[in-house]
Amino acid sequence: AILCASDDTFSVSVVRTALQEPGKQCNWKEHSNETLVGVLKLFCEELPEPLLDWKFCTEFPLFDGGKADKLGFFEMLASLPSPHKNCLLAIISFLKKSKVDPSLLAMNWGHHLLRLSNETLDTANDIQFGVDVVKELISHCRRYSKPPKEEITKRR
């Protein structure tokens, strides 16, 4: 369920409408997991700007020789606006709880969380970079939820 969007667009629309009405409560238990995943993906798609921008991510040393650079990820997350970071980490934590393989989640959710710039959409390496970033965040979401500030300042 966490991998697919809901085929029931009516249910997704009902939940979305309820969330947009001030003061209206949504009873999450009334809806299927598929519907809730559909709402979450729609939320990510409709954001005026991505939670993570591809060009922004490339400004940090996230990978070194194919291995994740922990401090690079800490620096990237610390540089995000707080609302972006908090929302991203909440979604990543939600995905991690699904117990689905992080590689599958990253392939399915990567483009919702990290938007690629138009001029690089055709480059397989750039698409793989986005998947790798999201996979690392999902695989180690607890590690990145509270970066060690002293290590970040040492690197600069």
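Analyst: Contact here means heavy atoms within 4.5 Å. Helices (H or I, at least four residues) and strands (E, at least two) are DSSP runs, numbered from the N terminus. This is a predicted model, in which local features need pLDDT of at least 70 and side-chain atom pairs count only at pLDDT 80 or more, while totals for chains, interfaces and linings use all residues. Residues are numbered from 1 along each chain as its sequence is written, and side-chain values use heavy atoms, with hydrogens and water left out.

User: What does the secondary structure of the chain come to?

Analyst: The chain has nine helices and four strands. From the N terminus, the order of elements is α-α-β-α-β-β-α-α-α-β-α-α-α.

User: What makes α1 oblique to α2?

Analyst: Axes are lines fitted to C-alpha atoms, for helices over the stretch in contact, and angles run from 0 to 180 degrees between N-to-C directions. The axes of α1 and α2 cross at roughly 60° and come within 9 Å. Angles under 35 degrees count as roughly parallel, over 145 as roughly antiparallel, 65 to 115 as roughly perpendicular and the rest as oblique; the α1 and α2 pair is therefore oblique. On the α1 side, Ser11, Val12, Val15, Arg16 and Leu19 meet Thr35, Gly38, Val39, Leu42 and Glu46 of α2.

User: Why are α2 and α6 called oblique to each other?

Analyst: Their axes are 8 Å apart and they pack at an angle of about 40°. By the angle classes already given, α2 and α6 are therefore oblique. Val37, Leu40, Lys41, Cys44 and Glu45 of α2 make this contact with Asn108, Trp109, His112 and Leu113 of α6.

User: How do you know that the span of α2 agrees with its number of residues?

Analyst: The expected span of a helix is 1.5 Å times one less than its number of residues. For the 14 residues of α2 this should give 20 Å, and the end C-alpha atoms are 20 Å apart, so the two agree.

User: Why is threonine 9 called exposed?

Analyst: Buried means under 20% relative accessible area, exposed over 50%, and partly exposed in between (1.4 Å probe, protein chains only). Threonine 9, in helix α1, has a relative accessible area of 60% and is therefore exposed. From threonine 9 to valine 39 is 30 residues in sequence and 9.4 Å in space, C-alpha to C-alpha.

User: What makes lysine 99 count as exposed?

Analyst: Lysine 99 has 76% relative accessibility, and therefore counts as exposed. Lysine 99 lies in the loop between α5 and α6 and has a positive phi of about 65° although it is not a glycine.

User: What makes a set of residues a nonpolar core, and which members touch the most others here?

Analyst: A nonpolar core is a set of buried Ala, Val, Leu, Ile, Met, Phe, Trp, Tyr and Cys residues joined through side-chain atoms within 4.5 Å. The largest one has 35 residues, of which Leu52, Met76, Leu88, Ile91, Leu113 and Leu137 touch the most other members. Elements giving two or more residues to this core include α2 (33-46), α5 (82-97) and α7 (124-139). Not counting residues up to four places away in sequence, isoleucine 91 touches Leu40, Cys44, Leu51, Trp109 and Leu113.
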